[in-house]
Amino acid sequence: MLSFLYARQSGLDDPVRLRRAESTRRVLSLELNHNRDVARVHGNGINTLDIEVIDGRYMLSGGSDGVIVIYDLENNSKKLQYSCKTVCTVGRSSRHVHKFSVETVQWYPHDTGMFVSSSFDKTMKVWDTETLKPAEEFQFDGNVYCHHMSPVARKHSLIAVGTKDPKVQLCDLKSGSCIHILQGHRGEILSVRWSPRYEHILATASTDSRVRVWDVRRASGSLFTLDQHNGDKSKASSEAVNTAHNGRANGLCFTADGLHLLTTGTDDRMRLWNSATGENTLVNYGKVVNESRKGLKFTVSRGCSPEFVFVPCGTSVAVYGLHSGELITMLRGHYNNVDCCEFHTDYQELYSGGKDCNILAWVPVLRQPDIEDEENNSKRGGTQAAVNPAFEDAWSSDEG
Amino acid sequence: MSRKRALIADTFCLMKRRRSAADAVTGDSHEGAADIRSSLQNLMTLFSRKLFNDSLPPVVLKHQLYSLHSDKTSVDKQLNELRASGELLMFQLGFDSEAFALVFAEDYRAKVLQGEAGRETLETVEKFLDKLIPGCSDLSFNKEKMLKEFLFTDSEITQLVKSGVLTVRDAGSWWLSIPNSGKFIKYFIKGRKAVLGMVKKSKYGEILKTELEGRRTTSHVKFQMKYHIHDIVGAELVECIQTTSGTLLRYVDGNIN
C-alpha cells in the first residue's frame, strides 16, 4: 500500500492505479460488520434494491408485501455504530401502495426526485419522492417481472418492461404511454437491461432460454440472439440450438463499461458474453445455483482491478472473479434465500436483501489498530485522549 | 465470519501463499501450470477396462478434470486445443447436456477397428475414422455434412449407425458416439447414484474423502471409487471442504439424484 502511495506521489503510477488497488483490497475483505445495520421495515421478503447513482446516499427497497422503503445510507452521527434509517415509506396504509409484491424498483437515473416501481399487480408506477404519490401509472396485461430505465439516456426516456407477455414493452415517460413493442421472444420476459454504454441497446432474457439484444431504433426484430455454443450447432441437442442457457434465462447484468454482458439461467450456469458481437467468452464459473422462478438480480463491482460478480446463491452471496471465473468467496449471513444484491461503488459496500426480511450490509473490514500502540496509550493514563502516534511530537509536554 | 488468512489481491501478493498442511498430506496437486494431458492419462488409468471385456477405450468425463484443476476456464481452453490438434475426441453422452466424454483419438481408433474386425461395415468405418480424426472436432453431424463434405451415401450412413459410431440425434442428424457405450453409461449412472447415496447416508451428510475411498463398494458400483469421486466433485454434486483432517465431501441439497 505504501509503495502505491509513493508511486502515486512521485508520478510513477497513474492515479487510477492506487484507487483500483485499494478498491480491490476492500472488496476482497467484505464482511458482515456488527457496527452497520439497516433498519428492518419489511414484513415479508425483499425483492429488489436500488442505490441512487448521483450521491450514493439513498437506497430504495421493494418487498413482497408491496411496501417500498427509502433508506439513508450515510453515517452523519459521529459514532461507529450506525443503523441506516428509513427516510420514508410507501406502506400498506398508503392509498397508492401496490396491491401485490413489488418486483423491481429503480431511481430515476438523473436525480432522486422520482422513482419507478413495478409489481405483480400488473402496474408500473412512477412516484414523486417528495409527496410519495404516483405521478404516472402504466397498466399491463400480465404480471410485471422487471423494468429498467437507461442510465445514460439523453435522447429518450423509455422504460423497458418485461411482463408475462412475450412482447417487451417500451413505455415513454414524456408522453405517459406504451409507445413501442419488441417482438421476438416466445416466453415470459424475466429480465430487461439497458446497456450502460449505448443508450439504444437493450438486452432481454426470457423463459424460452433465449437472450436477445435489441437496438430500439430498429423496426425489425432483435440485433442478435446469444448462443451459448457460438454457432457450433453440433454441440447442442436440436431443441437447444441458439439458446443462451439450457433452462430459463433469468438474470442479466452489464459490466460497468458495457462491453460485456452476464447472464444466469436455471441450468445453474452463468455466462459472460461480448456485448458487441454476442460471442460467448466461455468463462467457466462452475455451478451457480439458481432456482429462481422470477428474475435473479445480481450485480458487478465497479472500479476494481479484477472485477467481481456478486450473485445470490441460495442463502449466501457468491463472489466470482469476472474474467477468471473462480469462486472468490461465499458471503454467508442471511437466514433464508437471498433475492437481490446491490454494490455501492464509492464505499465498496454490498447490500443484499432476501426472504428473511433483512437487508445486510457487507462492509470492508477496517485495519485493526496495532496492539502495541493501545498498550502505550493505556499506560499514559486515562485522562489523556488517545493520540494517533503520527500526530505526536517530541517537544510538547503534557503538564504545561 | 472470520478467516484465518484474509484474501489478498494479486497486486499485493509478494510471496506465494503457503499450501495448507492437508494438501501436502493427501497429495492433491493444484499447480499453477496445469498439464491436462497428464491428468487425463492419470484419470484414464482409473477406468476399469476388464469390466467391458476390453471392448471400450478408456473414457474420462470432462468434469472429472475440474476436480483436479481449480481453474475451469483454462481446463476448457486446453481441452479445445487438444481437440483441435486431433489428439482428443469429445462425445456428448445422452444423459446430461453438460456431461462430455473424452477419449484419446488413437485409443478410439484402435478399439473401434478391433470391434469391427471381420464385419462387412469395416471399410465404411475406416473411411469415417480417417475423415474424423485429424480434422473434424464436431460432436454431431447432420445429413448435409455427411453427404456433401464427407461424401458418404445413405447406405453407408446406415452402416455407420449399425456399427455404433453414430447415434441418432433427430431426423437427419447424428451424434458421434462410442460403440458399446450403452453399458458404460448404465453402470456409470448407477454407480454415481450409489456413491452419492453413500455420502448422503453418512452422519450429517458428509464424509472424509479418504474414508469414502476406503469404504466397501456395493455391487452397484462397478468402477473404481476414485473415478466416481472425481466425477461427483467435478460436477459439483458434492461440496468439497478443506479441513485439517483432509478433504471433506458434503452432500449438496437440491440435487435431483
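A polar contact is a pair of N or O atoms within 3.5 Å; within protein, one atom must be able to donate a hydrogen and the other to accept it, and residues adjacent in sequence count only if both atoms are side-chain atoms. In the predicted model described here, local features need pLDDT of at least 70 and side-chain atom pairs count only at pLDDT 80 or more, while totals for chains, interfaces and linings use all residues. Residues are numbered from 1 along each chain as its sequence is written, chains are lettered from A and ligands numbered from 1 in the order in which they are written, and side-chain values use heavy atoms, with hydrogens and water left out.

The side chain of A:D65 reaches the backbone nitrogen of A:V67 at 3.3 Å. A:D65 lies in the loop between β4 (58-63) and β5 (68-72) of chain A; strands (E, at least two residues) and helices (H or I, at least four) are DSSP runs, numbered from the N terminus. Although A:D65 is buried, it has no salt bridge, and the nearest side chain of opposite charge, A:R92, is 6.0 Å away. Buried denotes under 20% relative accessible area (1.4 Å probe, protein chains only), and a salt bridge requires a side-chain nitrogen of Lys or Arg within 4 Å of a carboxyl oxygen of Asp or Glu. For charge, Lys and Arg count as positive and Asp and Glu as negative, whereas His and the chain ends are not counted. Leaving aside residues up to four places away in sequence, A:D65 touches A:H42, A:G43, A:N44 and A:R92, a contact being heavy atoms within 4.5 Å.

Strand β13 (residues 168-172) of chain A is largely enclosed by the rest of the structure, because 5 of its 5 residues are buried. A:V168, A:L170 and A:D172 point one way from this strand, and A:Q169 and A:C171 the other way. β13(A) pairs in the antiparallel sense with β12 (residues 158-163) over 4 bridges and with β14 (residues 177-182) over 5 bridges; pairing requires at least two DSSP bridges between two strands. A:Q169 is the bridge partner of A:V161, and A:L170 stands opposite A:H180 in β14(A). A hairpin of 4 residues joins β12(A) to β13(A). The hairpin of β13(A) and β14(A) also has 4 residues between the strands, and there A:G176 takes a positive phi near 80°.

Chain B contains 11 helices and 9 strands, and 46% of its 257 residues count as buried.

Terms used:
Buried < 20%, exposed > 50% of the residue type's maximum accessible area, 1.4 Å probe, protein only.
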